[in-house]
Amino acid sequence: MERGSSGPDTASPAPGGTVRQRFDRLVREVAKFGAVGGAGILVNLGVFNLVRHVTDLQVVRASVIATVVAIIFNYVGFRYFTYRDRDKSGRTKEMSLFLLFSAVGLVIENGVLYTATYGFGWDSPLQSNIFKFLGIGIATLFRFWSYRTWVFRALPGREPAAGQETVAGAESFLKRETAAKRPKTRQRV
């Protein structure tokens with residue numbers, strides 16, 4: 001069916017529509033991840049500075065405590081906001097993977113702070129906050145990839161596998177074209 005003959009063809013998305021939809025979903029996911037993560041950064045840095053100010057704990061120990069509090073905060077935000085539409089059937093496995101990848105992120109984040117503090121002697125409050133923030137940034141890249149890939153998996157059938165959208169779109173197009181080219185037969189009365 002041509003465009004304009006009886007309206008736009010809405011049977012299948014425009015060429016590249018599925019790519020555009022996937023890109024739009026990714027942008028929304030990154031925005032939601034960023035909102036939760038941004039709040040988590042505030043929690044992390046707030047607890048870090050509070051623990052450093054109120055206690056005599058060493059910098060990295062205070063950072064580990066802050067990171068654990070932020071991990072708990074972030075799990076709630078990711079599960080019930082960012083990835084609320086994802087598979088919820090395997091909560092034990094999800095929680096185990098979340099804790100595993102969060103622990104790796106904790107090591108990355110606090111490894112940066114440890115290196116700056118004990119490797120280079122940069123341990124003033126400002127320097128500690130700068131390297132804590134840098135460590136959070138590096139660990140966030142790892143966490144985003146691991147959470148979306150392994151922890152909060154998409155429901156089956158939601159997103160076609162790579163290449164499937166092209167095959168399905170081509171099949172749909174061929175069916176429409178074949179049906180449009182068939183000669184119309186009149187029924188005899």
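Guide: Let us begin with Val-69, which is located in helix H2; helices (H or I, at least four residues) and strands (E, at least two) are DSSP runs, numbered from the N terminus. The model is a predicted one, in which local features need pLDDT of at least 70 and side-chain atom pairs count only at pLDDT 80 or more, while totals for chains, interfaces and linings use all residues. Residues are numbered from 1 along each chain as its sequence is written, and side-chain values use heavy atoms, with hydrogens and water left out.

Is Val-69 buried, partly exposed or exposed? Val-69 counts as partly exposed because its relative accessibility is 34%; buried means under 20% relative accessible area, exposed over 50%, and partly exposed in between (1.4 Å probe, protein chains only). Leaving out residues up to four places away in sequence, Val-69 touches Val-43 and Val-47, where contact means heavy atoms within 4.5 Å. Val-69 and Val-47 are 22 residues apart along the chain, and their C-alpha atoms are separated by 7.8 Å.

Further along H2, which spans residues 59-82, we find Asn-74. Asn-74 is buried, since its relative accessible area is 14%. Apart from neighbours within four places in sequence, Asn-74 is in contact with Val-36, Gly-40 and Phe-98. Asn-74 also lies 9.3 Å from Ile-41, C-alpha to C-alpha, although 33 residues separate the two in sequence.

We may now turn to the helices against which H2 packs. H2 and H3 pack at an angle of about 145 degrees, with their axes 10 Å apart; axes are lines fitted to C-alpha atoms, for helices over the stretch in contact, and angles run from 0 to 180 degrees between N-to-C directions. H2 passes H3 in a right-handed crossing (a crossing is left-handed if the near helix is turned anticlockwise from the far one by less than a right angle, and right-handed if clockwise). On the H2 side, the residues that meet H3 include Ile-71, Asn-74, Tyr-75 and Phe-78, and their counterparts in H3 include Met-95, Phe-98, Ser-102 and Glu-109.

The axes of H2 and H4 come within 12 Å and cross at roughly 35 degrees. This crossing of H4 by H2 is right-handed. Val-59, Ser-63, Ala-66, Thr-67 and Phe-78 of H2 make the contact with Ser-128, Lys-132, Arg-143 and Tyr-147 of H4.

Side chains of opposite charge can pair when their charged atoms come close. A salt bridge is a side-chain nitrogen of Lys or Arg within 4 Å of a carboxyl oxygen of Asp or Glu, and by this rule the protein has 6 salt bridges. In one of them, Arg-86 pairs with Glu-29, and the closest N and O atoms are 3.1 Å apart. Arg-86 lies in the loop between H2 and H3 and Glu-29 in helix H1, so the pair ties together parts that are 57 residues apart in sequence. Both Arg-86 and Glu-29 are buried. Glu-109 forms a salt bridge with Lys-132, with 2.5 Å between the closest N and O atoms. Because Glu-109 lies in helix H3 and Lys-132 in helix H4, this pair ties together parts that are 23 residues apart in sequence.

The protein contains 5 helices and 0 strands. Of its 189 residues, 29% are buried. Among contacts with a separation of 6 or more, 76% are between residues 24 or more positions apart.
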